[in-house]
Amino acid sequence: RSSDLGVLLFSNIVNQNIMEAKIVFITGASSGIGEGCARKFAKEGWNLILNARTVSKLEELKAELEATHGVRVYILPFDVRDRKLAAASLESLPEEWKAIDVLVNNAGLVIGVDKEFEGNLDEWDIMIDTNIRGLLAMTRLVVPGMVERGRGHIINIGSIAGDAAYPGGSVYCATKAAVKALSDGLRIDLVDTPLRVTNIKPGMVETNFTVVRYRGDKEAADNFYKGIRPLTGDDIAETVYFAASAPAHIQIAEVLLMPTYQATGTISYKKKPE
Ligand code: 8X3
(Lines give C-alpha, C1' and ligand atoms only; values in the text may rest on other atoms or scores of the structure.)
Protein backbone atom coordinates (compact mmCIF):
# COMPACT_ATOMS: atom_id res chain seq x y z
CA ARG A 1 0.00 0.00 0.00
CA SER A 2 1.17 3.50 -0.72
CA SER A 3 1.18 4.51 2.98
CA ASP A 4 3.39 1.50 3.79
CA LEU A 5 5.66 2.54 0.97
CA GLY A 6 5.78 6.04 2.43
CA VAL A 7 6.76 4.73 5.85
CA LEU A 8 9.38 2.49 4.29
CA LEU A 9 10.85 5.33 2.27
CA PHE A 10 10.84 7.63 5.29
CA SER A 11 12.55 5.07 7.53
CA ASN A 12 15.14 4.47 4.82
CA ILE A 13 15.90 8.17 4.65
CA VAL A 14 16.12 8.33 8.46
CA ASN A 15 18.43 5.31 8.64
CA GLN A 16 20.57 6.71 5.88
CA ASN A 17 20.84 9.97 7.77
CA ILE A 18 21.85 8.16 10.97
CA MET A 19 24.55 6.28 9.14
CA GLU A 20 25.86 9.20 7.13
CA ALA A 21 25.55 12.28 9.31
CA LYS A 22 28.01 12.94 12.07
CA ILE A 23 26.94 12.76 15.71
CA VAL A 24 27.51 15.49 18.27
CA PHE A 25 26.85 14.93 21.98
CA ILE A 26 26.09 18.13 23.88
CA THR A 27 25.82 18.32 27.67
CA GLY A 28 23.74 21.09 29.23
CA ALA A 29 21.88 21.45 25.95
CA SER A 30 18.63 22.85 27.33
CA SER A 31 19.73 26.50 27.43
CA GLY A 32 22.42 29.06 26.71
CA ILE A 33 25.56 27.98 24.90
CA GLY A 34 24.47 24.31 24.83
CA GLU A 35 21.17 25.19 23.17
CA GLY A 36 23.03 27.45 20.73
CA CYS A 37 25.32 24.55 19.83
CA ALA A 38 22.34 22.23 19.31
CA ARG A 39 20.79 24.71 16.87
CA LYS A 40 24.03 25.32 14.99
CA PHE A 41 25.02 21.65 14.56
CA ALA A 42 21.43 20.78 13.54
CA LYS A 43 21.47 23.57 10.96
CA GLU A 44 24.65 22.05 9.56
CA GLY A 45 22.96 18.64 9.25
CA TRP A 46 24.48 16.82 12.22
CA ASN A 47 22.57 14.30 14.32
CA LEU A 48 22.42 15.30 17.97
CA ILE A 49 22.49 13.59 21.33
CA LEU A 50 21.16 16.17 23.74
CA ASN A 51 21.78 15.96 27.46
CA ALA A 52 20.46 18.09 30.33
CA ARG A 53 18.85 17.42 33.69
CA THR A 54 15.28 18.09 32.58
CA VAL A 55 13.62 16.60 29.52
CA SER A 56 10.86 19.08 28.72
CA LYS A 57 13.08 21.69 27.04
CA LEU A 58 15.03 18.96 25.26
CA GLU A 59 11.80 17.52 23.89
CA GLU A 60 10.81 20.93 22.53
CA LEU A 61 14.23 21.34 20.94
CA LYS A 62 14.11 17.85 19.45
CA ALA A 63 10.71 18.46 17.85
CA GLU A 64 11.80 21.82 16.48
CA LEU A 65 15.21 20.76 15.14
CA GLU A 66 14.00 17.51 13.60
CA ALA A 67 11.16 19.33 11.84
CA THR A 68 13.27 22.28 10.69
CA HIS A 69 16.49 20.55 9.65
CA GLY A 70 15.50 16.90 9.02
CA VAL A 71 18.19 15.71 11.44
CA ARG A 72 17.80 13.06 14.15
CA VAL A 73 17.86 14.02 17.80
CA TYR A 74 18.32 11.58 20.69
CA ILE A 75 17.50 12.81 24.18
CA LEU A 76 19.68 11.52 27.01
CA PRO A 77 18.70 13.24 30.25
CA PHE A 78 20.93 12.97 33.31
CA ASP A 79 22.86 15.16 35.72
CA VAL A 80 26.54 15.03 34.76
CA ARG A 81 27.29 14.91 38.50
CA ASP A 82 25.63 11.48 38.68
CA ARG A 83 28.44 9.30 37.43
CA LYS A 84 26.52 6.01 37.64
CA LEU A 85 23.53 7.36 35.74
CA ALA A 86 25.83 8.95 33.16
CA ALA A 87 27.56 5.60 32.55
CA ALA A 88 24.25 3.69 32.37
CA SER A 89 22.75 6.30 30.01
CA LEU A 90 25.68 6.10 27.60
CA GLU A 91 25.56 2.32 27.77
CA SER A 92 21.84 2.47 26.88
CA LEU A 93 22.47 4.32 23.60
CA PRO A 94 21.29 2.31 20.57
CA GLU A 95 24.24 0.96 18.58
CA GLU A 96 23.82 3.46 15.71
CA TRP A 97 24.13 6.35 18.18
CA LYS A 98 27.28 5.15 19.93
CA ALA A 99 29.84 6.39 17.40
CA ILE A 100 29.99 9.96 18.75
CA ASP A 101 32.12 12.28 16.58
CA VAL A 102 32.14 15.38 18.76
CA LEU A 103 31.61 15.74 22.50
CA VAL A 104 30.74 19.26 23.63
CA ASN A 105 31.36 19.38 27.38
CA ASN A 106 29.18 22.40 28.04
CA ALA A 107 27.22 21.66 31.25
CA GLY A 108 28.44 24.09 33.89
CA LEU A 109 27.35 26.83 36.25
CA VAL A 110 28.28 29.44 38.81
CA ILE A 111 26.25 30.15 41.93
CA GLY A 112 26.91 33.29 43.92
CA VAL A 113 29.47 36.08 43.87
CA ASP A 114 30.84 35.56 47.38
CA LYS A 115 34.32 36.04 48.71
CA GLU A 116 36.35 32.87 49.14
CA PHE A 117 36.28 33.19 52.93
CA GLU A 118 32.55 33.87 53.08
CA GLY A 119 30.74 31.72 50.51
CA ASN A 120 28.71 28.55 50.80
CA LEU A 121 30.67 25.29 50.64
CA ASP A 122 27.63 23.32 49.42
CA GLU A 123 27.15 25.68 46.46
CA TRP A 124 30.84 25.43 45.67
CA ASP A 125 30.55 21.63 45.71
CA ILE A 126 27.81 21.86 43.07
CA MET A 127 30.08 23.99 40.86
CA ILE A 128 33.13 21.75 41.35
CA ASP A 129 31.11 18.57 40.84
CA THR A 130 29.48 19.86 37.64
CA ASN A 131 32.22 21.95 36.03
CA ILE A 132 35.15 19.65 36.84
CA ARG A 133 34.04 16.19 37.93
CA GLY A 134 31.09 16.04 35.51
CA LEU A 135 33.22 17.14 32.57
CA LEU A 136 35.90 14.62 33.49
CA ALA A 137 33.36 11.79 33.82
CA MET A 138 31.92 12.54 30.36
CA THR A 139 35.40 12.61 28.88
CA ARG A 140 36.25 9.31 30.56
CA LEU A 141 33.04 7.73 29.24
CA VAL A 142 33.10 8.98 25.65
CA VAL A 143 36.76 9.30 24.65
CA PRO A 144 37.79 5.60 24.76
CA GLY A 145 35.30 4.84 21.96
CA MET A 146 36.70 7.75 19.93
CA VAL A 147 40.23 6.41 20.37
CA GLU A 148 39.07 2.96 19.30
CA ARG A 149 37.37 4.38 16.18
CA GLY A 150 40.35 6.63 15.46
CA ARG A 151 38.03 9.61 15.17
CA GLY A 152 36.74 12.28 17.50
CA HIS A 153 36.86 15.78 18.91
CA ILE A 154 36.35 16.95 22.48
CA ILE A 155 35.25 20.56 22.82
CA ASN A 156 35.27 21.86 26.38
CA ILE A 157 33.50 25.07 27.28
CA GLY A 158 36.00 26.83 29.51
CA SER A 159 35.88 30.54 30.27
CA ILE A 160 37.81 33.77 30.37
CA ALA A 161 37.36 33.13 34.12
CA GLY A 162 39.93 30.33 33.85
CA ASP A 163 42.67 32.75 32.75
CA ALA A 164 42.73 34.87 35.91
CA ALA A 165 40.74 35.01 39.13
CA TYR A 166 38.41 37.95 39.67
CA PRO A 167 36.58 39.35 42.72
CA GLY A 168 33.74 37.15 43.92
CA GLY A 169 34.60 34.44 41.43
CA SER A 170 37.45 32.46 42.93
CA VAL A 171 35.87 29.00 43.02
CA TYR A 172 34.21 29.39 39.62
CA CYS A 173 37.47 30.72 38.20
CA ALA A 174 39.27 27.73 39.74
CA THR A 175 36.85 25.31 38.03
CA LYS A 176 37.48 26.96 34.66
CA ALA A 177 41.25 26.95 35.24
CA ALA A 178 40.76 23.21 35.80
CA VAL A 179 38.92 22.96 32.47
CA LYS A 180 41.98 24.50 30.80
CA ALA A 181 44.34 22.04 32.52
CA LEU A 182 42.08 19.09 31.69
CA SER A 183 41.86 20.20 28.05
CA ASP A 184 45.63 20.64 27.77
CA GLY A 185 46.27 17.34 29.55
CA LEU A 186 43.85 15.47 27.31
CA ARG A 187 45.42 17.01 24.19
CA ILE A 188 48.80 15.77 25.42
CA ASP A 189 47.47 12.30 26.18
CA LEU A 190 45.88 12.08 22.72
CA VAL A 191 48.84 13.49 20.79
CA ASP A 192 49.53 10.18 19.01
CA THR A 193 45.91 9.88 17.82
CA PRO A 194 43.82 11.73 15.19
CA LEU A 195 41.59 13.10 17.96
CA ARG A 196 41.40 16.85 18.66
CA VAL A 197 40.81 18.81 21.86
CA THR A 198 39.52 22.37 21.99
CA ASN A 199 38.98 24.72 24.91
CA ILE A 200 36.52 27.52 24.10
CA LYS A 201 36.80 30.39 26.59
CA PRO A 202 33.91 32.86 26.42
CA GLY A 203 33.75 36.18 28.23
CA MET A 204 30.39 37.88 28.83
CA VAL A 205 27.54 35.85 27.34
CA GLU A 206 23.92 36.68 28.10
CA THR A 207 22.19 33.47 29.14
CA ASN A 208 20.34 32.10 32.13
CA PHE A 209 23.84 31.44 33.51
CA THR A 210 23.97 34.94 35.00
CA VAL A 211 20.54 34.59 36.61
CA VAL A 212 21.83 31.45 38.37
CA ARG A 213 25.02 33.33 39.34
CA TYR A 214 22.80 35.90 41.12
CA ARG A 215 20.74 33.11 42.69
CA GLY A 216 17.63 33.87 40.62
CA ASP A 217 17.78 37.67 40.90
CA LYS A 218 16.75 38.59 37.34
CA GLU A 219 17.20 42.32 37.94
CA ALA A 220 20.78 41.88 39.14
CA ALA A 221 21.45 39.73 36.07
CA ASP A 222 19.95 42.36 33.72
CA ASN A 223 22.00 45.11 35.41
CA PHE A 224 25.16 43.12 34.79
CA TYR A 225 24.71 43.62 31.03
CA LYS A 226 23.51 47.26 31.11
CA GLY A 227 25.51 49.42 28.73
CA ILE A 228 27.27 46.60 26.90
CA ARG A 229 26.19 44.24 24.17
CA PRO A 230 27.07 40.77 25.45
CA LEU A 231 27.64 37.71 23.31
CA THR A 232 24.85 35.17 22.90
CA GLY A 233 24.84 31.40 23.11
CA ASP A 234 24.53 31.42 19.31
CA ASP A 235 27.70 33.52 18.96
CA ILE A 236 29.66 30.96 20.98
CA ALA A 237 28.11 28.11 18.99
CA GLU A 238 29.53 29.62 15.77
CA THR A 239 33.03 29.31 17.23
CA VAL A 240 32.40 25.81 18.58
CA TYR A 241 31.25 24.76 15.12
CA PHE A 242 34.21 26.47 13.47
CA ALA A 243 36.54 24.30 15.57
CA ALA A 244 34.49 21.16 14.92
CA SER A 245 34.41 21.70 11.17
CA ALA A 246 38.06 22.67 10.68
CA PRO A 247 40.00 20.39 8.32
CA ALA A 248 41.26 17.22 10.05
CA HIS A 249 44.88 18.42 10.21
CA ILE A 250 43.95 21.60 12.10
CA GLN A 251 43.46 21.51 15.86
CA ILE A 252 41.95 24.68 17.26
CA ALA A 253 43.43 24.30 20.73
CA GLU A 254 41.92 27.36 22.39
CA VAL A 255 39.70 30.30 21.58
CA LEU A 256 39.20 33.28 23.89
CA LEU A 257 36.23 35.35 22.74
CA MET A 258 34.41 38.25 24.33
CA PRO A 259 32.28 41.26 23.49
CA THR A 260 34.07 44.09 21.68
CA TYR A 261 33.71 46.33 24.74
CA GLN A 262 35.24 43.74 27.09
CA ALA A 263 39.03 43.41 27.47
CA THR A 264 39.60 41.04 30.41
CA GLY A 265 37.53 39.12 32.93
CA THR A 266 37.24 42.34 34.97
CA ILE A 267 37.64 45.19 32.49
CA SER A 268 34.79 46.17 30.23
CA TYR A 269 33.39 49.46 29.00
CA LYS A 270 29.73 50.06 29.71
CA LYS A 271 27.98 53.04 28.09
CA LYS A 272 26.07 55.20 30.53
CA PRO A 273 22.34 55.61 29.77
CA GLU A 274 21.76 58.89 27.84
C1 8X3 B 1 31.62 33.28 32.59
C2 8X3 B 1 32.17 34.42 31.87
O3 8X3 B 1 32.96 36.84 32.07
O4 8X3 B 1 31.43 35.99 33.77
O5 8X3 B 1 32.28 32.12 32.23
O6 8X3 B 1 33.71 35.24 33.74
S7 8X3 B 1 32.57 35.67 32.93
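1. An oxygen atom of the ligand lies 3.0 Å from a polar side-chain atom of Arg213. Ser159 places a polar side-chain atom 2.6 Å from a ligand oxygen atom, and an N or O atom in the side chain of Tyr166 is likewise 2.6 Å from an oxygen atom of the ligand. A polar contact here is a pair of N or O atoms within 3.5 Å. The protein covers 90% of the 240 Å² of accessible area that the ligand has on its own (Shrake-Rupley method, 1.4 Å probe).

2. This is a predicted model, in which local features need pLDDT of at least 70 and side-chain atom pairs pLDDT 80 or more, while totals for chains, interfaces and linings use all residues. Residues are numbered from 1 along each chain, and side-chain values use heavy atoms, without hydrogens or water.

3. The residues around the ligand (a heavy atom within 4 Å) include Ile160, Tyr172, Met204, Phe209 and Gln262. By class, this shell has 7 nonpolar, 3 polar and 1 charged residues; Tyr counts as nonpolar and Gly as polar.

4. The open sheet has 7 strands in the order E3-E2-E1-E4-E5-E6-E7, with parallel pairing. Strands are DSSP runs of at least two residues, helices of at least four, and pairing requires at least two bridges. Strands E3 (73–75) and E7 (254–257) are at the edges with a single partner strand each, so one side of each lacks a neighbour in the sheet.

5. Strand E1 (residues 23–26) is joined to strand E2 (residues 47–50) by 4 bridges; Phe25 has Ile49 as its bridge partner in E2.

Key. Polar contact = N/O pair within 3.5 Å; in protein donor to acceptor, adjacent residues only side chain to side chain.
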